[in-house]
Each structure stands twice: as structure tokens, then as C-alpha cells.
Amino acid sequence: MHTNDDDRPGRAPRGARAGGEGTAKAQRAAPMIGALVLLATVQLMVVLDTTIVNVALPTIQASVGFSASSIAWVVNGYALTFGALLLLGGRSGDLLGRRNVFMASLAAFAAASMVAGLSSSPGLLIAARVAQGASAAFAQATALSLIVSTFPAGRARNRAVGVFAAMEGLGAAAGLLLGGILVQAVSWRWVFFVNVPVAAIVAALAPRFIPSPKRQSLRLDLPGAVTASAGLGLIVFGLSRAADHGWTDIWTAGPLAAGAAALAAFVLLERRSAQPLTPLWVFADRNRGGAYMIQALVGGALFGMFFLTTLFLQHVLGYSPLKAGAAFVPATAVMMGAAGAMSRLVNRIGVRPLVATGTAIAAAGMWWLSHLHLHAGYLTGVMLPLMVLSAGLGLTFVPLTLTAVSGVKEEHSGLVSGVSTTAIQIGGSIGVAVLATVAATTARHHAGAAGAAALAAGYTQAFRAGAVIIALAVPLALVFLRLRPGGQPASDGAGIAAAAVPDDAAVTRPAVTAPAAAAAVTARADDTGAAVASPAAAQGEAVTLPAAITQRSRAAAFCRWCPVSATVTEGP
């Protein structure tokens with residue numbers, strides 16, 4: 001008897017099966033989209049808060065009663081704790097639970113923002129800004145680590161990192177524009193109040209959309225946390241004084257020297273600690289180590305661009321704060337577009353060409369800005385150079401972030417995220433301090449000229465110095481970066497590599513013993529030179545290799561920066 005396929009039990013029609021699969025896929029994608037929206041919103045809020053206050057400083061000074069010297073602490077108080085606690089913030093998520101730390105830091109950020117907006121005395125406002133910076137450090141570092149742990153390696157993570165990285169430029173520019181609007185239309189207090197509903201809503205929705213990765217059963221390395229936070233905080237404090245008081249001032253050189261000593265003690269402690277806050281193997285991988293150095297240079301270029309250009313537009317060309325903020329809108333759109341495009345192209349092109357090309361373009365854009373003068377027009381003098389500089393930086397955000405968090409197991413994602421954000425923040429602080437010093441020194445040498453002319457000479461010389469700084473990233477990218485992020489191996493503290501993760505695939509990796517891992521990277525190689533794991537190694541079995549191969553693998557491990565790089569397809 002003939003029976004239709006549709007009448008057979010347990011088998012749905014082909015169209016229904018396809019529709020069901022599509023519905024299931026959409027249902028799985030919905031929480032991922034929600035998680036990305038929440039995490040990107042936090043990144044935007046944190047970065048925005050570093051610039052939104054700048055345009056409100058004159059109004060705050062007059063309203064609250066700050067002196068000319070103390071008003072800078074409205075900015076420095078935030079930067080001090082933010083830069084000091086990023087490293088601890090990333091690692092705390094690994095130990096205490098990333099989502100828990102993320103939600104707690106958002107609650108603290110909302111409370112500190114409310115206090116800042118209600119402040120009626122300088123001391124209370126500075127204390128609130130210090131608390132804002134501390135909670136923002138934990139929020140940003142755990143947000144990036146949640147991106148890594150939530151989105152599987154491949155296209156999904158690339159897109160998420162692209163959106164997250166684009167918020168860096170958008171927040172910096174939007175802060176200037178939104179700050180001008182709020183100060184002129186409402187009140188300076190809303191520069192702080194605007195954070196409260198955003199942080200509260202994200203914290204309330206986090207349990208619904210953001211998964212909670214398992215925490216590590218480790219104790220906190222308290223000596224490491226104290227020395228790292230103190231060292232970074234002292235360096236940020238010293239840098240914040242360098243431009244106004246000079247590098248030889250006792251309160252500039254003293255904190256910088258003490259900070260360097262504290263970081264040296266931190267390295268010694270981490271080498272001896274059984275459960276270090278920041279294991280030193282994090283910096284041993286050539287890709288990650290190179291990415292951290294380049295991120296510091298890119299941070300200096302990004303912060304320096306907004307710092308110098310804002311001052312030039314207002315002090316030399318006479319722009320209002322609102323008009324100066326609006327001047328960055330085209331450049332910000334270009335930066336976001338470039339970052340979004342790179343999330344789709346990074347697998348195809350590779351990290352090294354994108355970062356080397358992007359930093360070279362950014363250096364050219366910064367050098368073009370050095371040709372600004374007293375009568376420069378907006379279109380050719382400001383907008384086009386900013387767009388070139390922003391396009392170059394946009395090319396680097398996604399590949400650098402992917403490289404900075406590559407090659408580690410999921411439980412270490414908070415660790416590498418903290419190091420990555422710390423590199424950007426400390427690099428930005430150093431960049432602004434150096435460029436501000438160059439601008440001030442050059443302006444003093446032109447003291448005989450008119451005030452605006454002397455300022456213009458100082459700012460343009462600082463733009464040239466900024467171009468040199470970002471150009472240093474080009475050779476670093478060519479030498480150190482080899483990662484193709486289509487599949488990223490996971491590694492532990494010994495550099496043990498597991499199988500690479502295919503695009504958009506969440507793979508549960510079997511345990512790999514040390515001998516098997518050695519076999520995985522030395523058993524055989526394909527035509528590109530990338531190591532291929534043997535079936536026994538993939539199953540976690542110990543593999544005994546001939547002595548010659550073992551010696552050869554040891555020599556390779558000695559000559560190369562890190563064994564992890566042997567499992568990554570390298571560019572030509």
C-alpha cells in the first residue's frame with residue numbers, strides 16, 4: 001500500500017523541518033543579540049563617561065566652587081582608579097563569577113553617578129568620581145571577558161568584538177557632543193544622572209540575556225592585587241601631573257618612580273606565587289604580547305586625537321563645546337564603519353596586514369592634522385584628516401582585540417581582557433601626558449607670537465609627535481602578529497594547545513595531557529607549516545614520540561616565542 005511521506009509517523013514534511021530548524025536557530029540567536037546589546041551599551045557608557053565631563057568642567061567649577069588647580073581632579077579622580085583597577089577587575093570576574101562582578105559593578109556605578117550629580121561640595125564630587133572610575137574598571141573588563149566567554153570563536157565572536165570595539169570611538173566622540181547638549185540645555189548634573197537609568201536597566205536585564213560562566217576555585221592573590229593596583233595608580237597619578245607641572249616636579253617624578261617600583265615588585269611576586277593574579281605566561285605568547293604593545297600605542301593615538309583636536313578647535317579656531325563635539329561626528333561614523341567591516345574581513349585577510357595597514361593610515365592622518373593653522377577650514381583642515389585617522393584606527397580595533405584575547409581557555413578570558421583594557425588605558429594616559437608636554441613646551445618657545453599662534457604651534461608639533469608614536473606600531477605588527485583568528489587554540493599556563501575552534505562552533509574540548517599536547521604540535525605539519533593534531537592526541541591519550549622529534553620540538557619551543565603560535569595558521 002502506498003503511503004505518503006507526510007503520513008509517516010515521526011517524520012515532519014521537509015518544509016516544516018526547515019522552518020522548525022530556522023525557528024530554533026532564531027530562538028538561540030535572540031539571547032546572543034540581547035547579550036551583545038547589553039555588553040556594548042556598558043562599553044559605550046564607560047567610554048562616554050571619560051569625555052562627557054570635559055565640556056562641563058567650567059560650569060562645574062563655577063557651580064560647586066572648585067579652585068583652578070582642584071577642578072582637574074574631577075577628571076583625574078576617575079582616571080586614577082579606572083586605570084589602576086582594570087587588571088584586578090578582569091581577574092576578579094574569573095574568580096568570583098563574571099556576571100556577578102558585572103552586575104555588582106553596574107550597581108556601584110549607578111550609585112556613584114547619582115552621588116556625583118547630587119554633589120554640592122568639591123570633596124564629595126571627587127569621591128564620587130573616584131568610585132565611578134573604580135566601578136567602571138570592573139564593568140569594562142568583565143564586559144569584554146563576557147564577550148569572549150559568550151560568543152564562540154569565529155564569525156560570531158568577530159562580529160561581537162566589532163560592535164564592542166566600535167563603541168570605543170563612538171563613546172569618546174558622543175561624550176563631547178552629549179556633554180555640550182546637556183550642559184547648555186539642562187544642567188551639568190545630568191552629565192552624571194544620564195548614567196543611572198542606563199546602568200540600572202542593563203544590570204536588571206543581565207540575568208536574562210547573559211549566561212553565567214563557571215568561576216574558578218582559586219584564592220585571590222592579595223599581594224599581587226595590591227602591588228599591581230598601587231603601581232598602575234601611581235603611574236596614572238604621575239602622568240596626570242606631567243603636562244601642567246613638568247616631568248621633574250617631585251609630585252610627577254616621585255609617583256612615576258614609585259609606580260615603576262611597585263610594578264617591578266608585582267612581577268617578582270607573580271613569578272613566585274602559586275596562584276598569581278596575572279600569570280606571566282599571558283605575556284609570553286608573541287601574538288598577545290605584540291597586541292598589548294600595539295594597543296598601548298593605539299590608545300595613545302586615540303586619546304591624543306580627541307585631546308589635541310578638541311583643544312585646537314576651541315582654543316585656536318574658537319569653536320563652542322557643542323560645535324567641537326559635533327565636529328567629530330563624521331570621523332566617528334568612519335571609525336565605526338571600518339570596525340564593523342573588519343569583523344567580517346579579519347578571518348579572510350588576517351591580523352598582521354590589517355593592523356600594519358591601519359596604523360600606517362592612522363599615522364598619515366595624524367601627520368595631516370599637524371598642518372592645521374589659524375585660518376584652517378573645517379572640511380579640508382579638520383574633517384578629512386580626522387576621517388583618515390579614524391579609518392586607520394578602525395581597521396585595528398577588531399584584529400587587535402581578537403589577538404589580545406586569543407589562545408587562552410575560557411576560564412582565563414577575564415585575565416586577558418583585563419590586560420588588554422589596561423594596555424589601552426595606560427597607553428592613552430602616557431600618550432596624552434607626552435603630547436600635552438610637547439604642546440606646552442613648543443608653545444612656550446613661541447611666547448613672542450600671538451596667543452593663538454603660539455597655541456597652534458604647540459598643538460601641531462604634538463600632532464607630529466603623535467604620528468611618530470602610532471607609526472611605531474607598524475614594525476611591531478609586522479614582527480609579532482601572526483594570528484589568523486578563524487580558529488583559536490586554547491592554552492593553559494604551560495602553553496598547552498588544544499584543537500582549534502571552527503567558525504561559529506561551540507566545541508567542548510577533551511582534556512589533553514602534556515605528552516599528548518606535545519604530540520599535537522609536533523606529530524606532523526601540513527603544507528602551510530601549521531601543526532595538525534593526531535587522533536590519539538585529540539582523544540587525550542599520552543603519545544610517545546621518537547627522541548629526535550622530541551628534541552626538535554624542544555628546540556622549536558625555545559626558538560619561538562610561544563608554542564601556542566605553532567597551532568595557528570600563519571600569514572606569508
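**View 1. T51 and its contacts in the predicted model.** Leaving aside neighbours within four places in sequence, T51 is in contact with G171, A172, G175 and L176. This is a predicted model, and here T51 has its place in helix α1, which covers residues 14-51. Is T51 buried or exposed? With a relative accessible area of 10%, T51 is buried, because the cut-off for buried is under 20%. Now look for F306: T51 and F306 are 255 residues apart in sequence, yet their C-alpha atoms are 9.0 Å apart in space.

**View 2. Helix α16, residues 413-445.** Follow α16 from end to end: its 33 residues reach 48 Å from the first C-alpha to the last. That is close to the 48 Å expected at 1.5 Å a residue. Why is α16 described as largely enclosed by the rest of the structure? Of its 33 residues, 24 are buried, so the rest of the structure largely encloses this helix.

View 3. V226 belongs to helix α9, residues 222-245.

**View 4. Confidence along the chain.** The chain has a mean pLDDT of 79, with 78% of its residues at 70 or more. Over residues 1-27 the pLDDT is below 50, and this stretch has five contacts in the model beyond near neighbours in sequence. Residues 487-572 also have pLDDT below 50; their stretch has 139 contacts beyond near neighbours in sequence. A friendly caution: where pLDDT is low, the predicted coordinates should not be read in detail.

Methods. Residues numbered from 1 in each chain as written. Predicted model: local features only at pLDDT ≥ 70, side-chain atom pairs only at ≥ 80, totals over all residues. Heavy atoms only, no water. Helix = DSSP H or I, 4+ residues; strand = E, 2+ residues; numbered from the N terminus. pLDDT = per-residue confidence, 0-100. Contact = heavy atoms within 4.5 Å. Expected span 1.5 Å × (residues − 1). Buried < 20%, exposed > 50% of the residue type's maximum accessible area, 1.4 Å probe, protein only.
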